[in-house]
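Take a look at the model below. This report walks through some of its side-chain pairings and one of its helices.

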Amino acid sequence: PQHDARLALRREDGVPVARLEGDVGLARVPELREALVAAVEPSDRGLALDLTDVDYIDSAGLHLLHDLGRTLVARGQSLRVVAGAGCAVRRVLELVGMTQAVPLQDTVATAVAALAAPG
């Protein structure tokens, strides 16, 4: 059975961190996109998106990541996707070449460090 994606937002060292769990598919994409874009304030350097507990992502979910990355870049920000080695969706992200558009990080800590304000 599909488990609809759940989204949890928090801030770590001033960096917005979005954690997705479950299945990321077409039904939830518009709502997720809106919530993720809204989570990033103009003063933020970017968004850390944790996919560690995502079990499944469909093409609409992959399009969401690509689209979100482009939206943030257009705002002078960046997207860091967290998907460690044992993560179910990491292989999918690598296969579709997502890593060329969006940097993959192994842990939330490395993603946050990459986006934290210097100094």
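## Salt bridges and buried residues

Arg-90 and Glu-94 join their side chains in a salt bridge, with N to O at 3.0 Å. A salt bridge here is a side-chain nitrogen of Lys or Arg within 4 Å of a carboxyl oxygen of Asp or Glu. The two residues sit 4 apart in helix 3 (residues 90-95), so about one helical turn separates them. Helices (H or I, at least four residues) and strands (E, at least two) are DSSP runs, numbered from the N terminus. Arg-90 is buried, at 18% relative accessible area, whereas Glu-94 is partly exposed, at 37%. Buried means under 20% relative accessible area, exposed over 50%, and partly exposed in between (1.4 Å probe, protein chains only).

This is a predicted model: local features need pLDDT of at least 70, side-chain atom pairs count only at pLDDT 80 or more, and totals for chains, interfaces and linings use all residues. Residues are numbered from 1 along each chain as its sequence is written, and side-chain values use heavy atoms, with hydrogens and water left out.

The structure holds 12 salt bridges. Three of them are listed here, including the pair above.

| Salt bridge | N to O distance |
|---|---|
| Arg-90 and Glu-94 | 3.0 Å |
| Glu-12 and Arg-10 | 2.6 Å |
| Arg-19 and Asp-53 | 2.0 Å |

Arg-19 is partly exposed at 27% relative accessibility, and Asp-53 is partly exposed at 31%. This pair links distant parts of the chain: Arg-19 is in strand 2, Asp-53 is in strand 3, and they are 34 residues apart.

What about a charged residue without such a partner? Asp-58 is buried yet has no salt bridge. The nearest side chain of opposite charge, Arg-28, is 12 Å away. (Lys and Arg count as positive, Asp and Glu as negative; His and the chain ends are not counted.) Asp-58 lies in the loop between strand 3 (46-57) and helix 2 (59-74). Its side chain reaches the backbone nitrogen of Gly-61 at 2.9 Å. Beyond neighbours within four places in sequence, Asp-58 is in contact (heavy atoms within 4.5 Å) with Val-24, Gly-25 and Leu-26.

Which residues of helix 5 are buried? In this helix (residues 108-115), they are Val-108, Ala-111, Val-112 and Leu-115. They cover an arc of only 95 degrees around the axis, so they lie on the same side of helix 5. The arc is that of the directions from the helix axis to the C-beta atoms. Strand 1 (6-12) and strand 4 (78-82) are among the elements that cover these buried residues.

Notes
Polar contact = N/O pair within 3.5 Å; in protein donor to acceptor, adjacent residues only side chain to side chain.
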